[in-house]
Amino acid sequence: MSIRNFRNLFKPASVALIGASERPGSVGAVVARNLRRAGFHGELMFVNPHLSALDGQRVYPDVASLPRAPDLAVIATPPDTVPSLVMALGAKGTRAAVIITAGFGELGARGNALQQAALDAARPHLLRLVGPNCVGILVPGIGLDASFSHLAPPAGDVAFVSQSGALITAMLDWAAPRAIGFSHVVSLGDMADVDFGDMLDYLAADPQTRAILLYVEGITAGRKFMSAARAAARLKPVLVLKAGRSRAGAHAASSHTGMLAGSDRVYDAAFRRAGMLRVETMAELFDAAETLALTGEQNGDRLAILTNGGGAGVLASDALEAAGGRLAQLAPETIAQLDAVLPATWSRGNPVDIIGDAPGSRYAAALAALFADDGIDAVLALNCPTAIASPEEVAQGLIDAIGDLPPGARHGRNIFTAWLGAQSAAPARRRFNAARLATYDTPDEAVTGFLHRVRYQRNQALLLEAPPAHPDAARPDVAAAQRTIAAALAAGRSWLDPEEVEAVLAAYAIPGPASRIAVTPAQAAEAAAAIGFPVALKIRSADITHKSDVGGVALDLADAAAVRAAAAAIAARVRQARPAARLDGFLVQQMVRRPGAYELVVGLSEDAVFGPVVLFGQGGTAVEVIDDSAIALPPLNPLLARAQMSRTRVWRLLQGYRDRPPAAVDAIADVLIRLGQLAAGHPEVKELDINPVLADADGVVAIDARICVAAALLPGAARLAIAPYPRGLESMAALRDGTRVALRPILPEDEPLLHDLAAHMTPEDLRLRFFVPVHGLSHELAARLTQIDYDREMALVAMHDGTVLGIARYFADPDRLTAEFAVAVRSDWHGRGVGYLLLNRLIEIAAAAGIGELIGEVLRENRTMLAMCRELGFHLVADSADPSLVRAVRRLV
């Protein structure tokens, strides 16, 4: 499920409290009080078999006796009663319930059984459950407080969703004196049904919600969460505080990659890939709430600091630089304007220090000059208390000045304030709160608030950046790799032999040195002579993960005698260090001479929530000590691979320095991309570790690698948190005149082709497609149309000689009940069956994906499109809201 019946949950016309009580301090009494005091305009009903009335309102003995089915039920009764209550509510017709009751998880196996029984009772009725073990939900805009919170917040446009009930009440307590309101406050508790993915899908489409805050302890469905998070973060800021940074679980892994890919780092990679902003502390989450509630869109990152104290300005500048921010450069015209209104001793630069005796009027004059400078994207106003100018009077002067700014001066620009101190600053902060201006206790917190907005803007720009084309000249030989893996599993082995590892890497075009297997020292010498000297010699043992740790490696062996001696010495050392280990001979490898190469580590590891992850970092024997690596979720493209590499320290070295030329970063990126393809193609691969990978200006070579396999529980693509490119949907087809065209899903790098398609559509054809006159596609729109989530969207392009002839797409709702479709064809290819071919294939794909029905809106005058829809089995219905439109509907399942 996803957002099915969420209207009953968050926009109910009636609410029933099961377990209403008159006992002071009980949950049933508090929830009853909150439901009545919040001003809910719908019908309230109470249920308790031991009461006949509560504060003059009738109380019903059981669910069956309710006069009608409530849209929403709130359950505050003992755990043993919950499954039968859910069953009764479902039979009555209720479609949403909040289970405040605790004691499920705490009861162990019995509690888990009760929770499952409640889910089983809800499922036949599509009854959605929030909780159990939660504080409840609040929707201030409709006066709904179905919680046992001590405070009811005002309506606002920030949503807060938390697994922790304590964080819910703490956030409401913090927000109250700041007059910060919320669109929704949702305590998820144990997330038996409704989870973060559901909430993100709902809130992304909610017009009353401008920003979303999450407190996360754990995610239960990685792909569902990523699909919802990516969709939500493209529409509005999503900030997340993730608790639990322990790396204890990572040490259970045996490879370098597993040890470096701790679960919290995987969460970090997931949040980044989705475009969400992660905050580190509870205080930062509170500050983020204020920033999002009291500031608007931020279009740039150049900050001007306005202060009456030089020290405060320096602290703010330091905090800005440390966090990667940027001080604005004042234009000469701005300096001249400030010269005219400020004392001669002002700083004549940024920070703009207007001297300690500055009254409100001086702040106002300086602010007007700063907002007239197009090179300034935001202003941070600081104030240090003095006996000369009242902080409260200065605050009011600033507030008045903001109101006097010319219309549009603040579009895409924000003002942040930090009045230092406590006693003297408190009245000023109250004025800022009343004026709906973001205010913070310290310069550092204010800078962090500014950077929340900047980071969101940067994330959006990165999400919209089109990756360069990545011609897949050497497609992976998936079948060859699968045969190798299957043979190892059939033999009962979990670690592939070196020759098997080499075969798998070769199937994915990951270059490595020539190698041969030998059983005895004499055979090793013969193998070395065949390869060519010098060579490297390594022990072969399924029981030894890190060969160098036991003296199992010898390098730069120049002749056969050296190989024979090294083989005997290696065997002796390994027997002494690991007497119980099985020795299977030796691996003889070509000695790769890359004296200026960098040692890197790349690999795959499996996360319990998000599936396979790709690792990149600085390699070598001290890889864990150096601890310089970055995690990314596959699938990757060149842009994402470069972004992953750039988050490491070794990235700067790879750019070249002094006499060392830059490394072939495109070749490194290609290895990361292919590892992602390997993860999607082979669910049996649980860990893959290549250390080192040597990289220099001439390319890359994988020197030492290990692969761990196990029986697959899911198909390869299904275990990825982000649906990979569905290569299986590629096909060839013929148009009416016999012209062969390729049909394939769209790729992010297709943006230039999409612009070309729009450029070859007449203004009239564009109007018929978009319903309004348009002139080409903006970069933002083209990026959104090419960077799709294959889990809930599909866009098919028809290709001929490298040109896009047309495109057909659908976008499904989270429940896959319906999907909206659209078709566009180059004007010079009309009448040849391109649109028919695309839409017919799109119908097949949508049906296979379980979409309930395809729905499209067509202009009534677009007779060609309407005729095609009729021919393909669509039912055409006049749009009751707009007579110029016709709805085309086709049932699929």
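Cys384 counts as partly exposed, at 21% relative accessibility. This value lies just outside the buried class, because buried means under 20% relative accessible area. Cys869, by contrast, has a relative accessibility of 0% and counts as buried. A disulfide requires a pair of cysteine sulfur atoms within 2.5 Å. By this rule, the count of disulfides in the structure comes to zero.

The structure described here is a predicted model. The mean pLDDT of the protein is 92, and 97% of the residues reach 70 or more. Over residues 248–262, however, the pLDDT is below 50, although this stretch has 41 contacts in the model beyond near neighbours in sequence. Where pLDDT is low, the predicted coordinates should not be read in detail.

Strand β22 spans residues 535–539. Five of its five residues are buried, so β22 is largely enclosed by the rest of the structure. In a regular strand, the side chains alternate between the two faces of the sheet. In β22, Val535, Leu537 and Ile539 lie on one side, while Ala536 and Lys538 lie on the other.

Two strands pair with β22. Strand β24, which comprises residues 586–590, pairs with β22 in the antiparallel sense over five bridges. Within this pairing, Lys538 stands opposite Leu587 of β24. Strand β23 likewise pairs with β22 in the antiparallel sense, over three bridges.

Strand β23 itself covers residues 553–557 and contains Asp556. Asp556 is not a glycine, yet it has a positive phi of about 60°. Its relative accessible area is 39%, and Asp556 is therefore partly exposed. A positive phi also occurs at Asp801, again a residue other than glycine, where the value is near 55°. Asp801 is located in the loop between β33 (793–800) and β34 (803–812).

The peptide bond from Phe533 to Pro534 is cis, with omega near 0°. Pro534 belongs to the loop that connects α19 (521–531) with β22 (535–539). A cis peptide bond likewise joins Pro634 and Pro635, with omega about 0°. Pro635 is found in the loop between β27 (629–632) and α22 (638–646).

A further position concerns a helix. Ala336 lies in helix α12, which comprises residues 332–341. This residue is partly exposed, with a relative accessible area of 46%. Ala336 and Ala369 are 33 residues apart along the chain, and their C-alpha atoms are separated by 9.4 Å.

How values were computed. Residues numbered from 1 in each chain as written. Predicted model: local features only at pLDDT ≥ 70, side-chain atom pairs only at ≥ 80, totals over all residues. Heavy atoms only, no water. Helix = DSSP H or I, 4+ residues; strand = E, 2+ residues; numbered from the N terminus. Buried < 20%, exposed > 50% of the residue type's maximum accessible area, 1.4 Å probe, protein only. pLDDT = per-residue confidence, 0-100. Contact = heavy atoms within 4.5 Å. Pairing = 2+ DSSP bridges.
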